[in-house]
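Take a look at the sequence and the fold before reading on.

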Amino acid sequence: MSMNDVKSAKRVLDILQFFARTKEPATLSQIAATLGFPKSSCLALLDTLEGDGYAHQIAGRYYLTRRWLHEARIISEHDPLIKLIHPTLEGLCKELGETVLLAQRTGEHLVYLDVVEPELTVRFTARVGQVKPLHASASGRAILAGMPSRERENLLSKIKLERYTKNTIVSLARLRTLLEQEIKQGWHINYGEHQIDTLSVAAPLVVFDTQYALVVGAPLSRARDKADQIGQTLARVSQDLSDPLNINKYSTTE
């Protein structure tokens with residue numbers, strides 16, 4: 001694949017995200033100017049999307065069609081990982097009363113693969129595809145903890161320890177020490193390190209020989225006193241999920 005192909009693929013994703021943000025039709029000039037694309041390249045991409053049924057025009061303005069939703073729904077419904085894990089996330093959300101997430105590492109960050117939120121006005125909110133730092137999140141540390149030590153040290157040497165709040169760990173020595181402590185207990189707790197008013201608790205998870213993190217997010221004021229209890233639950237469920245015979249133990253029932 002050429003660099004031009006990679007650039008075009010990235011630009012298509014940028015166009016998709018543009019409409020997700022703006023939520024309204026836009027002219028070629030608006031799209032090109034906002035995204036910083038040459039107008040000719042932007043037109044070529046929009047013509048391709050329109051020709052394949054992914055975009056249409058309304059009074060000279062472009063908008064995306066529901067084909068994206070239709071095909072995304074089919075893809076999502078047949079994701080083997082989500083089909084396997086999602087019922088467990090729903091069960092944990094019902095049991096704990098807080099947001100439950102599944103995360104995986106992507107490069108030097110992590111990404112949320114699935115999210116189940118409780119029906120509460122005040123709750124930890126997140127979205128599928130959201131990216132978070134490894135060092136300033138419980139899920140990131142759970143993923144680091146599950147890596148072989150040599151691979152973990154190699155990754156730690158590359159991570160930029162950016163500060164997000166007054167609680168963010170920006171010392172590599174302190175991060176290593178905390179990882180060692182949390183590895184021994186089996187779960188990881190983030191007290192307002194990425195967002196000052198939120199708490200997250202995570203445990204390492206291995207499914208299909210691939211490393212993930214099982215995570216609970218909650219308002220810090222509500223969940224601080226039960227963080228270790230949540231951690232114990234996640235560690236136990238993660239261990240069960242590694243055994244296919246127990247995969248539905250914590251799932252909801254009809």
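Start with the overall picture. This is a predicted model. The protein chain holds 10 helices and 8 strands. Its C-alpha atoms fill a box of roughly 60 × 45 × 35 Å, taken along the principal axes. The chain has 254 residues, and 42% of them count as buried. Contacts tell how the chain folds back on itself. Among those between residues at least 6 apart in sequence, 56% join residues at least 24 apart.

Now the surface and the charges. The accessible surface of the protein chain comes to about 14,100 Å². Carbon and sulfur atoms account for 51% of that surface. On the charged side, there are 31 positive and 29 negative side chains. The centres of these two sets lie 6 Å apart.

Next, go inside. In soluble globular proteins, nonpolar side chains tend to be buried together. Which residues touch the most other members of the largest nonpolar core? They are Leu 102, Val 201 and Leu 234, in a core of 28 residues. Several elements each supply at least two residues of this core: α5 (80-96), β3 (99-106), β7, β8, α9 (220-223) and α10 (227-241). The largest share comes from α5, with 7 residues.

Stay with Leu 102 for a moment. Set aside its neighbours within four places in sequence. Leu 102 is then in contact with Leu 81, Ile 82, Ile 85 and Leu 89, among others. Its list of contacts also includes Val 111, Tyr 112, Leu 113 and Asp 114. Further along the sequence, Leu 205, Tyr 212 and Ala 213 are in contact with Leu 102 too.

Is Gly 91 buried or exposed? Its relative accessible area is 10%, so Gly 91 is buried, as the cut-off is under 20%. The C-alpha atoms of Gly 91 and Ala 20 are separated by 30 Å. Along the chain, these two residues are 71 residues apart.

Which residues does Ala 218 contact, leaving aside its neighbours within four places in sequence? They are Glu 98, Phe 124, Thr 198, Leu 199 and Ala 223. Ala 218 and Phe 19 are 199 residues apart in sequence, and their C-alpha atoms are 30 Å apart in space.

Helix α8 (residues 172-185) gives a contrasting case. Thr 177 lies in this helix. With a relative accessible area of 39%, Thr 177 is partly exposed. Its C-alpha atom is 39 Å from that of Ser 76, a residue 101 places away in sequence.

What about the cysteines? Cys 42 is buried, with a relative accessible area of 0%. Cys 93 is buried as well, at 8%. The count of disulfides comes to 0, with a pair of sulfur atoms within 2.5 Å as the rule.

Finish with two loops. Most residues other than glycine have a negative phi. Ala 59 has a positive phi, near 50°. Where is Ala 59 found? Its place is the loop between β1 (55-58) and β2 (61-64). Ala 59 counts as exposed because its relative accessibility is 81%, and exposed means over 50%. Asp 209 also has a positive phi, near 60°. Asp 209 is found in the loop between β7 (198-207) and β8 (210-219). At 80% relative accessibility, Asp 209 counts as exposed.

Note on methods
Residues are numbered from 1 along each chain as its sequence is written. This is a predicted model: local features need pLDDT of at least 70, side-chain atom pairs count only at pLDDT 80 or more; totals for chains, interfaces and linings use all residues. Side-chain values use heavy atoms; hydrogens and water are left out. Helices (H or I, at least four residues) and strands (E, at least two) are DSSP runs, numbered from the N terminus. Buried means under 20% relative accessible area, exposed over 50%, partly exposed in between (1.4 Å probe, protein chains only). Contact means heavy atoms within 4.5 Å. Accessible areas come from the Shrake-Rupley method with a 1.4 Å probe; for residues, only the protein chains shown count as cover. Lys and Arg count as positive and Asp and Glu as negative; His and the chain ends are not counted. The place of a charge is taken as NZ of Lys, CZ of Arg, CG of Asp or CD of Glu. A nonpolar core is a set of buried Ala, Val, Leu, Ile, Met, Phe, Trp, Tyr and Cys residues joined through side-chain atoms within 4.5 Å.
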